[in-house]
Amino acid sequence: MLLLWLLLLLPLLAVLWQQRPSWLILLRHQVAWWTLAGVAAWQQRKLEQSTLHVCQSQQQALMWCLKRAQGPCCLPRGITDMSTFRNQLPLTKTSQVQEEESEEQILPPASPQYHGEASLQATLLGLVALNKAYPEVLTPGSTACVTPTSPWPSSVPWLGHALGRVSSLGAKDTQALLLEALMSPGLRALEARTAVELLDVFVGLEAEGKELTEAIAAGSLGTPLPSRAAELQEALEQGPRGLALRLWPKLQVVVTLDAGGQAEAVAALRAWWCQGLAFFSPAYAASGGVMALNLWPEQPQGSYLLLPGVPFIELLPIKEGTQEKAASTLLLTEVQREEEYELVLTDRTGLTRCRLGDVVQVIGAYNQCPVVRFTRRLGQTLSVRGEVTDENIFSAALAQAVGQWPGAKLLDYACVESSILDSCDGSAPHYEVFVELRGLRNLSEENRDKLDHCLQEVSPHYKSLRRRGSVGPAKVHLVGPGSFRVLREALVACPSSSFPPEMPRVLRLSHLAQLLQKRVIS
């Protein structure tokens, strides 16, 4: 009953909000936070029950998907057992599902927010965990989101009040949101939908910093703030390293939504702009939605709890050389610690047992549910002669090579098989690699060759193909600042793209590869 009264009180406070007295700001924030805490406590109880009775929860999730399946469904009615479900519905891959859907209709643009109980739990319980780890980050005026979409998966109407954001998101663009954040020196939490988008914000801030400080000094959004503008200008003049803490001295944590292809952006942000700050992701998101939630913001590497509800999750064991063979999937209670598995997702849309390509390693348990760490994506592999150079192998080789380039720091990269760009010119097929760097404006031939040497060190199969001349040396291209921001804008407009939130590292479409090719500077 108290929770209902609090929900009814929020609209009244919104009307009074126009006058914005300080006591009303605090009152509305407190009411919103009480509401959030009440709903979160209810969700916590549901989480405890579902994770203590995992088999029952997964069975209910499957039944829900079967009863509410959209579109044609080949399954006979009345299926209740898992073995019949598996036998009647074969595994498919994400690419197959996308191709089938695109043949029938144009895919709708990705929703900026996710739906369902998993998203709501990730949002509410993530906020409570964040507030516990950093008690002052959710006080009024202490949080700013610098992208139009929040990293919190569920769009709760009163969420902005509970967060204490300096402004509501609405339809504002990134620059307007950044401008409002820069006007607020007391920020304790900085939000962006994904780490790659936050990287774009900081790269853009360096390029447009003078214009933004002039706008703040002139009072573009209200009262002129010349003293704040002077502080910002001084912070920007000292360079990118540690910039966030100079802009906002009380800043404690960066909140972004974790997804595939974000590791390089997080590493770059930690090394440069966001030095000394904690990073927190409330959930792990994939093309199928929210897969898992994070209850441990104090841990430096994301640990995620796989949920037994909707969407229905199975796990496919990963064994060397057997990924393409038929294998039996496992339920959440059947997995083993330290082993790796590919996620298989079933929801009511199309009713497909979809292999997402996201690989997780089991690192612990929460009640009866596995706690995992996401390790790599099987779909992000390179192969020009039958070899399999996966995302982890290539990223490790590239990091090793960049470490040998004096003064260089990797910001972003993408790979292309030479056949996509028709760049063989009679030579052996090879990898084309586009990199955006900090601290290095030109790549010598000696530095370019180091990537190929590093690839041979980490991949015996690649080394064997190189020695036989079956595969040519990897070619490295340096692209100009902001090139990957342009690529991401093109990805958003691409119907088959999983960005946002996932950032591809291997480009399969020629027009996307050519977009980077046109921006090569060395």
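Which residues in α17 meet Leu512, Leu515 and Leu516 in α18? In this predicted model, where local features need pLDDT of at least 70, side-chain atom pairs count only at pLDDT 80 or more and totals for chains, interfaces and linings use all residues, they are Ser483, Phe484, Val486, Leu487, Ala490 and Leu491, with contact meaning heavy atoms within 4.5 Å. Residues are numbered from 1 along each chain as its sequence is written, and side-chain values use heavy atoms, leaving out hydrogens and water.

The residues of this contact divide into eight nonpolar, one polar and no charged. Helix α17 (residues 483-492) and helix α18 (residues 510-517) pack at an angle of about 160°, with their axes 9 Å apart, which makes α17 roughly antiparallel to α18 (a word for angles over 145 degrees, on a scale from 0 to 180 degrees between N-to-C directions).

The structure also holds nine aromatic pairs, where rings of Phe, Tyr and Trp (its six-membered ring) pair if their centres lie within 6.5 Å, and planes under 30 degrees apart count as stacked, over 60 as edge-to-face and the rest as tilted. Two of the pairs are set out here.

| Pair | Centres | Planes | Type |
|---|---|---|---|
| Phenylalanine 202 and tryptophan 273 | 6.2 Å | 25° | stacked |
| Tyrosine 304 and phenylalanine 374 | 5.8 Å | 75° | edge-to-face |

Phenylalanine 202 lies in helix α9 (residues 195-218) and tryptophan 273 in the loop between α12 (263-271) and β5 (278-280), so the pair ties together parts that are 71 residues apart in sequence. Both phenylalanine 202 and tryptophan 273 are buried, that is, under 20% relative accessible area with a 1.4 Å probe and protein chains only. Tyrosine 304 and phenylalanine 374 are buried as well, and ring pairs link Tyr284, Tyr304 and Phe374 into a cluster.

Key:
Helices (H or I, at least four residues) and strands (E, at least two) are DSSP runs, numbered from the N terminus. Angles under 35 degrees count as roughly parallel, over 145 as roughly antiparallel, 65 to 115 as roughly perpendicular and the rest as oblique. Ala, Val, Leu, Ile, Met, Phe, Trp, Tyr, Cys and Pro count as nonpolar, Asp, Glu, Lys and Arg as charged, and the others, Gly among them, as polar. Buried means under 20% relative accessible area, exposed over 50%, partly exposed in between (1.4 Å probe, protein chains only).
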